[in-house]
Amino acid sequence: ILRLSEDAQARKDRLQENWAMLQFFWKADVVESWIAEKQAQLQTDDVGHNLSSVQNLLAKHDTFTSGLKAFENEGIRTIIQLKDQLAGSGIQSEKIGQKFNQVIKRWQTLLAASDSRKSVLKVAEAKYKDIEELFLLFAKKASTFNSWFENAEEDLTDPVRCDSIDEIHELIKAHERFMSTLSSALVEFEELQHPDQRIKQLQM
């Protein structure tokens, strides 16, 4: 009876080990399938076409990253636990080790690809921020210069009507004051050339 009991326990242990092994390989396949799906999602060259679009992509990637962290606490940890349970059992230990290393390698590759994708998006975000600031700078300078130009054009095209010498002298002084502003206006106009050229180079 004692021998039968020992044999029964040994059989139970073998069955449990086999069940754990099958569960490990099944779970490993599920994890690999999940990793492959996420890797496919990272295979994109889309980095947005303006600041708003790239920030939307960054927000989506943050959600993607959160999903990876959650899966690490579930899928990857489960694989490690199952592998540890089978340690020392001797049942297909080599195949289990190979499968485990394969899964972990693919997981690390996925994490690296995710980090790389975020880096690319952050570079694009910085680029579009620079572009937006460039457009704002140009718009501000252009608005100031345009206001000066419109006022100057209006003053220069106004009909000259004078009823006395004093009024003529005042107009002459006003024109001289206007002429004195031309040098600073020219500097402002030249300052517009730099952002204008950069904008043209961007071909936007």
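Reply: Start with Ile165, which counts as exposed because its relative accessibility is 56%. The cut-offs are: buried under 20% relative accessible area, exposed over 50%, partly exposed in between, with a 1.4 Å probe and protein chains only. Ile165 lies in helix H4, residues 165–202. Helices are DSSP runs of H or I with at least four residues, numbered from the N terminus.

This is a predicted model: local features need pLDDT of at least 70, side-chain atom pairs count only at pLDDT 80 or more, and totals for chains, interfaces and linings use all residues. Residues are numbered from 1 along each chain as its sequence is written, and side-chain values use heavy atoms, leaving out hydrogens and water.

Now the inside. The largest nonpolar core has 20 residues. Such a core is a set of buried Ala, Val, Leu, Ile, Met, Phe, Trp, Tyr and Cys residues joined through side-chain atoms within 4.5 Å. Phe24, Val31, Ile76, Ile79, Leu86, Trp107 and Leu110 touch the most other members. Helices H1 (2–42), H2 (51–86) and H3 (93–157) each give two or more residues to this core. A second, separate core has eight residues, among them Leu51, Leu58, Leu121 and Tyr128.

Look at Leu86. Neighbours within four places in sequence aside, Leu86 is in contact with Glu17, Ala20, Met21, Phe24 and Ile96. Contact means heavy atoms within 4.5 Å.

Last, Phe135, found in helix H3. Phe135 is partly exposed, at 34% relative accessible area. Phe135 and Arg198 are 63 residues apart in sequence and 9.7 Å apart in space, C-alpha to C-alpha.
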